[in-house]
Every structure is written in structure tokens, then in C-alpha cells.
Amino acid sequence: MDNIMVKGSPSQGLLGTTLGFFFGFAAVSLYGPTAIKFKEAMELTPAMMGFLVAIPALSGSLLRIPFGAWVDTTGGKKPFLILMILSVIGLGGVTMLLNLAYPNNMHGLYGLILFFGFLSGAGIATFSVGIAQTSYWFPKHKQGMALGTYAGLGNLAPGIFSVILPFYLQSFGFISAYFAWFLFLVLGTITYAFIGKNAYYFQYLKLGKTQAESLELSFARGQENFPAGNVKDSLINSAKVKNTWALVALYFTTFGGFIALTAWFPVYWNQLHGFSVLKAGLFTAVFSIIASLVRVYGGKFADKVGGEKVSLISLVLVLLASITLSFDQSVVVGFSTTLLLAIGMGINNAAVFKLVPEYVPKAIGGASGWIGGLGAFGGFAIPPIMGAIASANGKEGYAMGFLVFVVLAIISIAIVLVLKRQHRRIVA
């Protein structure tokens, strides 16, 4: 009887969240590679262009907080679908404006483009929903593997489309690309609606079981993590755990940095090294794909070695790479160093979420919301700062902008050292 009442399995739950996040993240993959087109049509300054490529990350970060916590009351499917629908509206709005006004009538539309870009970023916000939804499916000893796989494969979207987009632009044009990506996102939303599954506990609640009954039945089926309280409780309970905020800072540096650089690197390669849109997109794709794939194995590594140790190693790589990029402007060294930066960021992103169920086991959704939301805010905050540095220092400023990551990496390393010292005291 029980087997008939609930549907899905951990592997099916992981498949649904991974596909949904992949499609949602793909929605904003256009903004960085096509920023030059907006700059030309609207005569944007480097700072304005930095703000434009960053605006999807604003909603993609802030919406993670309430929507991630919402998972603790309803499961992930409903909040996931709402975010994807918002993203469909945003990308559809940009597509409509481009069809009506590009290229000669774009002046005065900067604010509207930002608004639709903000809505498009809701697709990024699916991350925290998927983290909590996935986490509830898997036992504690498999959290690193499951979350690393979910986030790593989902994060492949901007990298893959950074490869496809330049060729598509050359063959079919700028406006056609936005229409194609809009249709792709609609398809993804429908796909998730059919495949996405909530963990057993939430399915039993929906079927009318009490909380006690749902807990007992789902525990018997292997579920180990359970929510405690409503959305407000989840956010408050996770916020009371001081290490939640340590993880926020770590995630700001590397996942916020990942989003920021996926949007900023096309500008960096084009403006500093004079690359074509095609070449800049391909170089950006390599960074994005490596950071995403490494995250999958980073989660497994963190399961074996420990999240704090893995995080420390990865942040040292980020620091070394950022120092090099800040002062060396050669293409060979720059490209090699971006690979090192991708490895460091990808590994640390996996390590951070390996630590979430350990530090905040009773409010995973709330913690995922805070960490994913405020951490991803780096994707919004960092590009305008790098753009301002470029505006103030000319061509060399596009390299000097990486000093931002030097500062962030140093702060993050200090935080991990504090976490390790706390962990040793607890063990002792």
C-alpha cells in the first residue's frame, strides 16, 4: 500500500532538481556574451555594462532566501516551478523588446532591460530550492556526492551555452538567440513539472498524513533529514547558527565569484585582449565548464576528507590565481590562471554545501536559502565593482579588477581557519 502512495526515489529526485536547475541557470547565459551588443546599441559605460550583466544575479541571489526556506514546508516542487515561470516571463520580455526596438530604438530602455533581466535571474534562484529538495532525498553520508552532482551538473549550463552561443550568433543573429533560449526555458519548465519529485516526507503530508506519521513512514523508507518548523522558523533557526554566516561568506567568494566571472569574462577577454565575441565566449565556456565539473568531484572529495580541509585548499588556489590575474596581462598566463581559478571555485562550492547538513541539520532549507542567496549575491555585487575599476584605470583596469578576489580569498581563508579550530575543539 505504501509503495503505491508515494512516488520517486533519491536518484529520480536528483535527476529532477538537476535538470530544473540546468534549465533555470541557462536562462541567464545570454547576458554576459551579448553584453557588447547592448553596449553598442545603448552606448553603455563599463560600469553600466557591469551592472547589466550582473542584474540577473541580484534576483537569483535574493530570491534564494525565502524560496529556499519555503522548501521546508511544502517540498521543492512548487517554489521551483514558480521561479522558473518568473524566469520565462523575464526572458520573454527581453526577447520582445529586442524584436521591437533593436538596434536603433534602444535608447531609454536600459531600465526596462534591467527589470526583465531581474526576472530572468529567478532561474538562478532555483539553486537553493534544489539544494534543500535534493538534501532531503539523501542520507547524511551521501550529501557531498548528491549535492556536488546536483550543483556541478546544473552549473554546466552557462559553460555549455557559452560554447554554443557564439556559433549561434554568427549563424542566426542576436535576436534569434534570445528567442531560441526563451523556447528552451519553456521546454525546461515543462520538463521539470513532469520529472520533479518531493522527498517522501512532503508527499505523505500532501496525502493527508500527520507530521508524526509522515516522519515515521519516510524514515522507514530511508529518509534521514527532516525540516523543523515553517518558513519563518527555518530562516530564524538557521540564522541563529553562527556558522551559517561563515558559510555565506565562503560561498559569496566562490559561487558569487563564479556567477560574476561567467558574466564578466566575455567582457574581460574582449576589452583587455581584443578577442572576438566568439573567442571570448569559448574562453569563458572553458572556465565555466571546468568549475562546474570539478564541483561534482569536489563533493565526493569533501565526503572523504572533510569540508573544512577541502575548502581551505581550494581557497588558496583562488588566492594564487587572483593575484596572478591582477598583475599579468599575457593571454597564455591569463588563460592558464583562469583554469586554476575555476578549479578552486568549483571545489570550494562543493565543500560549502557538504558542511550545511552538518552545521544546520534541522533547517537545511533555511540555511540553503541564506547561503545560496547571500552567497550568490556576489554575482551581482562583484561585476559592477570590476567595471568601476576598469572605468577608473582604462584598459589595465580589466586586469586590476581581480584584486577584488584577492581580498575575498584572504578573508575566506581566515574564516576556514577559524572553523577548523572550532571543529578541533568540538572533537577534543
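Student: Which residue lies over the face of Phe275?
Tutor: The general idea first: a charge sits over a ring if NZ of Lys or CZ of Arg is within 6 Å of the ring centre and within 35 degrees of the ring normal. Here Lys279 lies over the face of Phe275, at 4.3 Å from the ring centre. Arg221 is placed over the face of Tyr200, also 4.3 Å from the ring centre.

Student: What kind of model is this, and what are the ground rules?
Tutor: It's a predicted model, where local features need pLDDT of at least 70, side-chain atom pairs count only at pLDDT 80 or more, and totals for chains, interfaces and linings use all residues. Residues are numbered from 1 along each chain as its sequence is written, and side-chain values use heavy atoms, with hydrogens and water left out.

Student: How do I read the pLDDT, and what is its mean for the protein chain?
Tutor: pLDDT is the predictor's confidence in each residue, from 0 to 100. The chain's mean is 85, and 96% of its residues reach 70 or more. Helices are DSSP runs (H or I, at least four residues), numbered from the N terminus. Among the chain's elements, helix H1 (residues 2–5) has the lowest mean pLDDT, 60, while helix H6 (residues 77–101) has the highest, 93.

Student: How many aromatic pairs does the structure hold?
Tutor: Rings of Phe, Tyr and Trp (its six-membered ring) pair if their centres lie within 6.5 Å; planes under 30 degrees apart count as stacked, over 60 as edge-to-face and the rest as tilted. The structure holds 37 such pairs. Take Phe21 and Tyr150: the ring centres are 5.5 Å apart and the planes at 35°, so this pair is tilted. Phe21 lies in helix H2 (residues 10–26) and Tyr150 in helix H9 (residues 143–154), so the pair ties together parts 129 residues apart in sequence.

Student: Are Phe21 and Tyr150 buried or exposed?
Tutor: Both are buried, meaning under 20% relative accessible area (1.4 Å probe, protein chains only).

Student: And which residues lie closest to the centre of the largest cavity?
Tutor: On a 1 Å grid over the protein atoms alone, a cavity is a set of points where a 1.4 Å probe fits but cannot get out, and lining residues have an atom within 4 Å of a point. Of the 19 residues lining the largest cavity, Val28, Val53, Ile259, Thr262 and Ala263 are the closest to its centre.

Terms used
On a 1 Å grid over the protein atoms alone, a cavity is a set of points where a 1.4 Å probe fits but cannot get out, and a pocket is an open set with protein on both sides within 12 Å along at least five of seven lines; lining residues have an atom within 4 Å of a point. Helices (H or I, at least four residues) and strands (E, at least two) are DSSP runs, numbered from the N terminus. Buried means under 20% relative accessible area, exposed over 50%, partly exposed in between (1.4 Å probe, protein chains only).
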